Amino acid sequence: LKSKCKQSDQVLSCVYEELMINLRKQNSDIRILTLQVIDQLFNRSHLFRNLLIENMDEFTVLCIGLNGLKPLPPPAGSSKRLCHDSIRILASWFEKFNQGYPKLKVCEEALKRKVNFTSCSIINDVEEMRRREERERLDTLWRGRILQVEKEVEENEEAIERCLIEARNSINLWKETFSSSEASTQDESSTSVSSKEKSNNEKSPNKSTIQDTPSSSQFSKDNSKNGSSPKENT
């Protein structure tokens, strides 16, 4: 089939028409197989993408069952799988080709109101619709708060800048004060050590002088050895 589609645009158009005929058959198993072929060609051919995007409304009704008057055909298990696979495939198409095909982007925005692409299911129950509305309300609320904060920051930009400058100046002043205090402490410590060393040096010569001076008893002993008294020596 791929090789035939490459022969010419006319052949590819004929293949597209045949696939749509199979997609309209009242059997979900046939539609699943047809969907798989469509996915392969959609990812490979620009012409095929244009043909299918032009007929996206019918495609979503036949594959997802968005029209309550035209539900997906039996068997029931296959119809659920058809719906799930179709939403998953559409999500991949939107992610890959939205930028190059504006109509595909419009289809995505329209389907977001009816399809949950996260769970690959149709939004058809009241609880799901309420949850969706609540999410949208919260998103709107947070966007409004963000805009309000941005506006307040813009209005008080000068005051904020002034506060930042004052904070920087305070930090710089504190650093200078701390550095001066630390240097003064080091100088005092050095001065104290020098004073102690000088005091010790002054005390050392006195001790040596006292030790070098002979005592009176030693003087008497020396005189007795020489056989003279202190008076005779005098």
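Colleague: Which helices supply at least two residues each to the lining of the second largest pocket, and what makes them helices?

Modeller: They are helix 1 (2-5) and helix 3 (28-44). Each counts as a helix because it is a DSSP run of H or I with at least four residues, numbered from the N terminus. This is a predicted model, where local features need pLDDT of at least 70, side-chain atom pairs count only at pLDDT 80 or more, and totals for chains, interfaces and linings use all residues. Residues are numbered from 1 along each chain as its sequence is written, and side-chain values use heavy atoms, leaving out hydrogens and water.

Colleague: What makes K2, C5, K6, L12, L41, R44 and S45 lining residues?

Modeller: They line the second largest pocket, so each has an atom within 4 Å of one of its points; a pocket is an open set of points on a 1 Å grid over the protein atoms alone, with protein on both sides within 12 Å along at least five of seven lines.

Colleague: Happy with that! Which helix gives the most to the lining of the largest pocket?

Modeller: Helix 7 (102-111), with five residues. The lining includes K103, V106 and C107. About 200 Å³ of space lies in this pocket.

Colleague: Why are M56, F59, T60, L62, C63 and I64 of helix 5 called buried?

Modeller: Buried means under 20% relative accessible area (1.4 Å probe, protein chains only), so these residues fall under that limit. They pack against helix 2 (9-23), helix 3, helix 4 (46-54), helix 6 (76-97), helix 7 and strand 2 (121-122), where contact means heavy atoms within 4.5 Å.

Definitions and conventions:
1 Å grid on protein atoms, 1.4 Å probe; cavity = no way out; pocket = protein on both sides within 12 Å on 5 of 7 lines; lining within 4 Å. Points joined across faces, edges and corners; volume = space filled by probe spheres on them. Buried < 20%, exposed > 50% of the residue type's maximum accessible area, 1.4 Å probe, protein only.
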